[in-house]
Amino acid sequence: MAETLTLFTSIGLSEQKAKETLKNESLSSALRGAISQAQSIMGPNLDKATGTLLYSMTSRLKDVRHLTFLTEYIGHRKITTDLQLSAALEFLKNHPNDLIVQPEFDAACGVGVVVTPEQIEESVEAVVKKYENQLLKERYHFNMGLLMGEARAGLKWADGKSIKNEVDMQVLHLLGSKTEADLEKKPKGKHGNSLTRGDCDGLCCAFLVIFLFCSLGENYKTEGYVVTPNTMDLLNKHLEITGGQVRTRFPPEPNGILHIGHAKAINFNFGYAKANDGICFLRYDDTNPEKEEEKYFTGIRDMVEWLGYKPYKVTYASDNFQELYDLAVELIRRGHAYVCHQRVEELKGHNPPPSPWRDRPVEESLILFERMRKGMFSEAEVTLRMKMVMEDGKQDPVAYRIKYTPHHRTGDTWCIYPTYDYTHCLCDSIENITHSLCTKEFQARRSSYYWLCNALDVYCPVQWEYGRLNLTYTVVSKRKIIKLVEMGAVRDWDDPRLFTLTALRRRGFPPEAINNFCARVGVTVAQTTIEPHLLEACVRDVLNDTAPRAMAVLEPLKVTITNLPQDAQIQVQVPDFPANEERGSHKVPFTRTIYIERSDFREVMEKGYKRLTPDQPVGLRHAGYVISLQKSIKDNSGKVVELEVTCTKTDSAEKPKAFIHWVSQPLKCEVRLYENLFKHSYPEDSQVVPEGFLSDINHDSLQVIENALVDYSVSGAKVFDKFQFERVGYFSLDPDSTKEKLVFNRTVTLKEDPGKI
């Protein structure tokens, strides 16, 4: 170990880097071999530049068969720069099974190409002349990277540092030294550095278009992809079938309701396919009959279509049960799987003992697997396991297990069912999926994904992982939501305080807002945890443009306008969208009796209060009147129960400090106001909530107002119709509504503080 450490530091690696390299056995072995070969060519003392190239080569080279070949090029100084090395690695990746034609390789890597200082000077001079006027105008605020890029375009193998030095020198000669103005930051554009909603949507769409992990049919170029002698033939057959079309899939398990994290997955899978003129399948991973119910199948498809996506085809893992079984038999025949009698409890833990049945004869496993198929063992008595080690160290994952539960589609035809680790990649292969897009927790399964396809010599798609989307102040685990339902903390999966998609729909979140939110969050490898108010901001953006206005009073206070006749009734025209009155309007009655919010009246004037007081009149929105208090009527407890006021036309009254909303001849309705379900942002964090998430429930998360009043314009509303109740918030009609009583859920509050209106 110490000897190898010294060897690695002798080529220029830092001691820390050398120690890290020693932890990777395959990398250490490859680097030792490369150093030894280079020393046989160049002598025992390798310079740091050569050592850096050798380390870079061994750490980036995927196919060790080319190690000796590349080391020879470095040792004979045919490859001397990282640029050449990158070109060499790219060439080898693009020709995985081809015989290397040396002249082609040399040309691709710039072997023997010499770029003189004079050539660099001439190239930079031509580019500086091209942009001379712009340089003189913008001076050092000009994008110098543009000069670098264009100068290098004609000198592919030139040293980048030499080009940069020449650019710096010629720009200095043209512009002179930097002035104070040159040192100031470049002014922002008219929008500063902020992005509009359109910018965000455009960037997301552009990202999906360019976010290709490899060109179609070039799966072998992706990180970790395993190339076999049959890879190229399988890829070519795949291209014949798909015609080079992008194919993705959204593969949920039908054992629960989709949540906000699934919305990101839906948007990424369907959006990526759409952006690349491809297709996306909705595939139910229905391999566990114990937990699957028809309501989940229906609910999942409803939510996918509610978000605005139409699957190219709806498929089921169970469609392929026979083919999956046949492939399992083939896997056993090839010596890659075996029947095991270890119990489930024996397989638990980080480092379970290896199976004593791992090396049992192939014929024996074939017979036992057939007996499993015929129901000759009890549940958990035997499993079929694959001979491989996953990236997280899990050894020999289970491929098939016994379950004597009828399947919702196949009935009692099968009593053995494939696991996710076995099914997922093979169904992707069967459907000729091009991109298997998974959340980050499936990274540990990537090696098994590639291994299984290659072990069976079937087409292997590309798997790529992205970070999950999480929100604070909530839980999305199926098991935990069931606990919340069972203890009565929430009503059901669609309780508007949850972040399941059915709950968000019931609360009134528009699907466009959820899609916009996913676009703004973007797709990254890192896990993303977002505050709910960022999602709510997207909701407001959409509802502000789409939710017609109405007036509602949550805490009504009766107001009698004494200078209007008893039978007075005026039809007031109220615009549905005040910012654009051409989009329509509705009429509401204005009579002698109206109702206002109790908070819009105070008996005692307070500093900054702009609404109705004994000494301060207030305007009525849309009515064209200003009211002034004449008398307040109280009940026996001293509570104000009615106001008597007089009204004056706005054009003949002094302009009031505020205008308030009101209703007259209203409908009674129930209004439900929602807050965060949990007190802490991370209710599942045992350090923050040591008693567990159930102890963190906010018992004030739901407020029900049973006798709110709303204007008659909403009487024809349908379930999930959305409105902005002026000065109050955005609301959606709940499914609990009846002809006798409408029920509204508050979707989100308004941005403004209603006390300031």
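Predicted model: local features only at pLDDT ≥ 70, side-chain atom pairs only at ≥ 80, totals over all residues.
Trainee: Which residues touch the most other members of the largest nonpolar core?
Mentor: This core has 47 residues. Two or more residues come from each of α15 (260-275), β2 (279-284), α16 (294-306), β9 (462-466), β10 (469-471), α23 (501-507), α24 and α25 (532-546). The members that touch the most others are Phe250, Ile260, Ile266, Leu501, Ile514 and Phe517.

Trainee: Which element gives the largest share of this core?
Mentor: Several elements give two or more residues, including α15, α24 and α25. The largest share is 8 residues, and the element that gives it is α15.

Trainee: Why is helix α24 described as largely enclosed by the rest of the structure?
Mentor: The helix covers residues 511-521. Its buried residues are Pro511, Ala513, Ile514, Asn515, Asn516, Phe517, Cys518, Ala519 and Val521. α24 is largely enclosed because the buried residues number 9 of the 11.

Trainee: What does phenylalanine 517 touch, not counting residues up to four places away in sequence?
Mentor: Phe517 is one of the buried residues of α24. Contact here means heavy atoms within 4.5 Å. On that basis phenylalanine 517 touches Ile260, Leu469, Leu471, Ile530, Leu534, Leu535 and Cys538.

Trainee: Which residue with a positive phi follows α24?
Mentor: The helix ends at residue 521. The phi of the residue that follows is near 75°, and that residue is glycine 522.

Trainee: Which strands stand at the edges of the open sheet of 6 strands?
Mentor: The order is β17-β14-β20-β19-β18-β21, with mixed pairing. An edge strand here has a single partner strand, so one side of it is left without a neighbour in the sheet. The strands in that position are β17 and β21 (659-660).

Trainee: What is the bridge partner of lysine 558 in β17?
Mentor: Strand β14 covers residues 556-561 and runs antiparallel to β17. The two are joined by 5 bridges. For lysine 558, the partner in β17 is tyrosine 595.

Trainee: Which residue of β16 stands opposite valine 572?
Mentor: Strand β15 (residues 569-575) runs antiparallel to β16, with 7 bridges between them. β16 (residues 585-591) has 5 of its 7 residues buried, so it is largely enclosed by the rest of the structure. Opposite valine 572 in that strand is valine 588.

Trainee: Is aspartate 600 buried or exposed?
Mentor: Aspartate 600 is in the loop between β17 (593-597) and β18 (618-620). Tyr609, Arg611, Leu612, Ile660, His661 and Arg727 touch it, not counting residues up to four places away in sequence. The cut-off for burial is under 20% relative accessible area. Its value is 1%, so aspartate 600 is buried.

Trainee: How many disulfides does the structure hold?
Mentor: A disulfide needs cysteine sulfur atoms within 2.5 Å. For cysteine 280, the nearest cysteine sulfur is that of cysteine 438, 12 Å away. For cysteine 453, the nearest is that of cysteine 460, 4.1 Å away. Neither cysteine 280 nor cysteine 453 is in a disulfide, and the total for the structure is 0.

Definitions and conventions:
Residues numbered from 1 in each chain as written. Heavy atoms only, no water. Helix = DSSP H or I, 4+ residues; strand = E, 2+ residues; numbered from the N terminus. Buried < 20%, exposed > 50% of the residue type's maximum accessible area, 1.4 Å probe, protein only. Pairing = 2+ DSSP bridges. Core = buried A, V, L, I, M, F, W, Y, C linked by side-chain atoms within 4.5 Å.
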